[in-house]
Amino acid sequence: MKKSIASLIMTGTVMLCITFIGKAAAQNRGDENLSGISVEQALTLALKNSHEYRIAQMNLKESKEKVSAVWGQLMPAIESEASVVRQGAESGFMSLSDGQYDIKVAQLKFGINPGAFYQSLKQSHAGYSIAKEEIKKVRSTVEFNVIKGYFDVMLAKEVVQLRKNSIQVLEENLKDVNRLHQTGSVPKFELLQAQVQLKNLEPSLREAENNYRTAVDFFNYNLGNVNACNTADQVSGKSIMDPQRPGVEEKLIEFALIHRPDVVQVSLQKEASDRARKTYQSSYLWPFISIGGYYGWTYLLPNSVDMDFPGGISPDFSNLTGKREWQETWQVRVAATYRWSSLLPVDSQRALEREQKEKIKEAEERLIQVRRLTAITVRSLYGKLCTAYEAILSQEKNVETAEEGLRIARESYRAGVIKNADLLSAELSLTSARMGYIKGLYDYYVSMAELDRETGMQSSDIIFRENTNE
């Protein structure tokens, strides 16, 4: 994404070399304190300083650890244990012993529900995929903000230069009017009119300069700079290309419905909820299989057995009660436990299962909503792109026509054929055509960047590949 957007900007900076602006552009106030930065440098700096992007990367690592945690369920618990048991009873088997001491050198415990393990593993993988899509989403948002800010700065700077060019034209016009007034060729009214027209444009220049500084501030904010220290570099670019061709819009929508992070995330959330439902369902579909065992030493505390035989005979019951000495012991246990209570509707596992079913329905509704919104957004942006392209072509011709019209009007005014108001009207038409051309370029490349964000991929590959029949 970064490479494609950077390529878009590099080809899009034709805005900066518009022929009617000229090469002798004066620097705006404060530019001497700003360092020009390329779009690739801007994207790298913005991603480096973005808190949301770093948080998304941390969430991805957390999701990866959750996958590892599920795999860890296959790892048995290996322990060592020392214990003391004391007991007492009036009669029965427990009366034969006061307790025992146990030292379990190695003890193994393992238990798992096969169905729950499998579904939990799939759920954790879905969560990991959601985190990856979140990174793509955050990254594309950061990149779009940088790109839009980049073009905002360029647009604002070109408007400043346009205002300066207009003032220069009006200053030349004022000189002509003043000279003609001194010779008595025009009345004083036209001189006053030329002076008022020039003064009226000066606030527009101040406003354009303020807009430029504001654009620079927001651009640096998107870069993560504390202070405004960077501005957009002026680099020559290539010509624009015609985005209009049958089938391109449908292709863009099709790719957006597959690759857009929001669509993918909702689909994965639906899958994760379905896996969670099956995990809770496994509590009554599968038994809980457990394996355990230990090896160690035991010291028994037996009581003497008084059978009150005649002649004081006392049989040896040590095989039953044990001896007061350490002896080697071990045990292995394998079991399959089925939880019948999970079949009851009031069981907590069944309630959690029903909760996930509702989440699945919710995700399905959200997916329909996101898909519809995606289609509308892509269609709107593609229409905006095509409109911008047509506006560029139209205004480009208007600029040429207006320039020629202004030249003729200036000569006609000097010859006394037209009035000064007609000359000022010609200058206003040229300014309007230039503004329309700049705005068309701005809309064109910002729309391309928005399409990249909405489709989740390089939309220019679809549009221009189709255009060039590659």
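## A walk through the helices, sheet and ring pairs

The chain holds 11 helices and 6 strands, where helices (H or I, at least four residues) and strands (E, at least two) are DSSP runs numbered from the N terminus. Please keep in mind that this is a predicted model, in which local features need pLDDT of at least 70 and side-chain atom pairs count only at pLDDT 80 or more, while totals for chains, interfaces and linings use all residues. Residues are numbered from 1 along each chain as its sequence is written, and side-chain values use heavy atoms, with hydrogens and water left out.

Let us begin with the chain as a whole. Of its 470 residues, 41% are buried; buried means under 20% relative accessible area, exposed means over 50%, and partly exposed is in between, with a 1.4 Å probe and protein chains only. A contact means heavy atoms within 4.5 Å. Among contacts between residues at least 6 apart in sequence, 85% join residues at least 24 apart.

Now to the sheet. Strands of a sheet pair through backbone hydrogen bonds, either parallel or antiparallel. Here two strands count as paired if DSSP finds at least two bridges between them. Four strands form an open sheet in the order β2-β3-β5-β6, with antiparallel pairing. The edges are taken by β2 and β6 (326-337), each with a single partner strand, so one side of each has no neighbour in the sheet. From one strand to the next, the twist averages 20°.

On to the next pairing: β3 and β5 are antiparallel over 14 bridges, and one example is Gln 100, whose bridge partner in β5 is Leu 300.

A pair of aromatic rings is described by the distance of the centres and the angle of the planes. In this model, rings of Phe, Tyr and Trp (its six-membered ring) pair if their centres lie within 6.5 Å; planes under 30 degrees apart count as stacked, over 60 as edge-to-face and the rest as tilted. The whole structure contains 8 aromatic pairs. One of them joins Tyr 101 and Tyr 299, which are stacked at 5.8 Å centre to centre with 15° between the planes. This pair links distant parts of the chain, with Tyr 101 in strand β3 and Tyr 299 in strand β5 (residues 288-302), 198 residues apart. Tyr 101 is partly exposed, at a relative accessible area of 31%.

The rings of Tyr 150 and Phe 219 have centres 5.8 Å apart and planes at 75°, so they are edge-to-face. Because Tyr 150 lies in helix α4 (residues 114-182) and Phe 219 in helix α5, this pair ties together parts that are 69 residues apart in sequence. Both Tyr 150 and Phe 219 are buried. Elsewhere, ring pairs link Phe 151, Tyr 389, Tyr 444 and Tyr 445 into a cluster.

What else does Phe 219 meet? In α2, the residues Ala 42, Leu 45, Ala 46 and Asn 49 meet Phe 219, Asn 222 and Leu 223 of α5. Two packed helices are described by the angle between their axes and the distance between the axes. The axes are lines fitted to C-alpha atoms, for helices over the stretch in contact, and angles run from 0 to 180 degrees between N-to-C directions. For helix α2 (residues 39-49) and helix α5 (residues 188-223), the axes come within 7 Å and cross at roughly 60°. That makes α2 oblique to α5, given that angles under 35 degrees count as roughly parallel, over 145 as roughly antiparallel, 65 to 115 as roughly perpendicular and the rest as oblique.

Finally, helix α4 has a partner in helix α10 (residues 420-455): their axes come within 10 Å and cross at roughly 170°. Helix α4 is therefore roughly antiparallel to α10.
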